[in-house]
Structures are given as C-alpha cells and as structure tokens.
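Here is a short briefing for a reader who is new to this structure. Please look at the chain and its fold before reading on.

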Amino acid sequence: MSSDAYQRKYFFEKIAPYYDNLIDLLTFGLYPKFLKKAINILAPQKGEKVLDLCSGTGRADSWIAQAFGEKGDVIGMDVSKNMIEVARKRYGALKNVIFIQKDVTETWGYQNYFDGIFTSFSLHEISESGRPRVMEQSYLALK
Ligand SMILES: C[S@@+](CC[C@H](N)C(=O)[O-])C[C@H]1O[C@@H](n2cnc3c(N)ncnc32)[C@H](O)[C@@H]1O
C-alpha cells in the first residue's frame, strides 16, 4: 500500500464515528439531501438486491432499505473496520441490511446478483489502478 493510500485509510478509521456530522457540517446540511436524491434516482423496488460500494457509516443503506419496505436486501461494503463497526451499530438491527468489511478492488464473488449498485463520494478514494477492476466486477455482479 502506498503511503497516500495508508494515510487515507487511517483517516477514515479515525473519523468514522464523527464522519456523518462532519460532512453534514461541511456541506451545510446538503449532503444527506443529495444522498436521498441519488437514492430516488436509483429507485429501489420491493424485492430487489442493491450493493453500496464504499458504504461508510451506512446511512444511505438504511434509506435504501426503507425504500424497499419489507422485502429487498442491501449490502454495504467498505474497507474500513471502524466505518463497518459504526454502520453495524447504527443499522445492524435492520433485518434487510448487512455490512461487509472488504476492499472493493479485491474479488467480491457476486455474479448476476444485484439489481442495482449505489456508490457515493467514493470512487475517487480508489486507486486509479484499482478502478477498472471495480467497474469489471460491478458489470459481472449486476443482473
Ligand atoms: C468519503 S467516504 C464516503 C462514504 C459514503 N459512501 C458516503 O457517501 O457517506 C469514502 C469511503 O470509501 C471507503 N473506501 C476507500 N477505499 C476503499 C476500498 N478500496 N474498498 C472499500 N472501501 C473503500 C472509505 O473507508 C470510506 O468509508
């Protein structure tokens, strides 16, 4: 891992419990509104499966799950142990949301599985060399 990648990873580990408050403050409260708009565009339907790449604290996943209603599954994937811990603590009780700690540039093992893939404010975090692999896996993982 390059020292830049290491520092970024370290930053997200440290900031995880405060991340949502910080980003809301920095965007004057606009970021959650943007997330909700993006979820509206994705338009998750009852019974669908959605992957959130680099899910952070998982709040978008809780809103995607809300949009499904009773049926539907959302998987949040993030490399940061502390982001995943925060997400599980906040939304782990929702029965159709799970969080997986994983580097999205590694193999996910999903094929023809998801109805939609959501990602927000994250692709820039992935190394340039890792991005084509993420795109390739997204293509394979989508139905
Ligand atoms: C700026 S945050 C965005 C989090 C969330 N998507 C949001 O909109 O609030 C970027 C996230 O990408 C994650 N991330 C960075 N590189 C990653 C990788 N290679 N695999 C998985 N997650 C990664 C970080 O841990 C961090 O949680």
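This is a predicted model: local features need pLDDT of at least 70, side-chain atom pairs count only at pLDDT 80 or more; totals for chains, interfaces and linings use all residues.

The protein chain has six helices and four strands. With 143 residues, a compact globule would have a radius of gyration near 15 Å, and the 15 Å of the protein chain agrees with that.

**Overall build**

- Along the sequence, the elements of the protein chain follow the pattern α-α-α-β-α-β-α-β-β-α.
- Taken along the principal axes, the box filled by the C-alpha atoms is roughly 40 × 35 × 25 Å.
- Of the 143 residues in the protein chain, 27% are buried.
- Take the contacts between residues at least 6 apart in sequence: 70% of these join residues at least 24 apart.

**Strand 1 and its partners**

- Strand 1 covers residues 49–53. Four of its five residues are buried, so strand 1 is largely enclosed by the rest of the structure.
- Strand 1 pairs with strand 2, residues 73–78, in the parallel sense. Five bridges make up this pairing.
- Leu-51 stands opposite Ile-75 in strand 2.
- Helix 4, residues 59–68, lies on the path of the chain from strand 1 to strand 2. This β-α-β crossover is right-handed.
- Strand 1 also runs parallel to strand 4, residues 116–119. Four bridges join these two strands.
- On that side, Leu-53 stands opposite Thr-119 in strand 4.

**Strand 2 and its partners**

- Five of the six residues of strand 2 are buried, so strand 2 too is largely enclosed by the rest of the structure.
- Val-74 in strand 2 is the bridge partner of Val-50.
- Val-74 also has a bridge partner in strand 3, namely Val-97.
- Strand 2 and strand 3 run parallel and are joined by five bridges.
- A right-handed β-α-β unit is formed by strand 2, helix 5 and strand 3.

**A loop residue: Gly-92**

- Where is Gly-92 found? This residue is in the loop between helix 5 (81–91) and strand 3 (97–101).
- Is Gly-92 buried, exposed or partly exposed? Within 10 Å there are 14 other C-beta atoms, so Gly-92 is partly exposed. The cut-offs explain the label: buried takes 20 or more such atoms, and exposed takes 12 or fewer.
- Ser-62 is 30 residues from Gly-92 along the chain. The C-alpha atoms of the two residues are separated by 9.5 Å.

Methods: Residues are numbered from 1 along each chain as its sequence is written. Two strands pair if DSSP finds at least two bridges between them. A crossover is right-handed if, with the strands pointing away from the viewer, the path from the first strand over the helix to the second runs clockwise. The radius of gyration is taken over C-alpha atoms; the globule rule is 2.2 Å times the number of residues to the power 0.38. Two residues are in contact if their C-beta atoms, placed from the backbone, lie within 7 Å.
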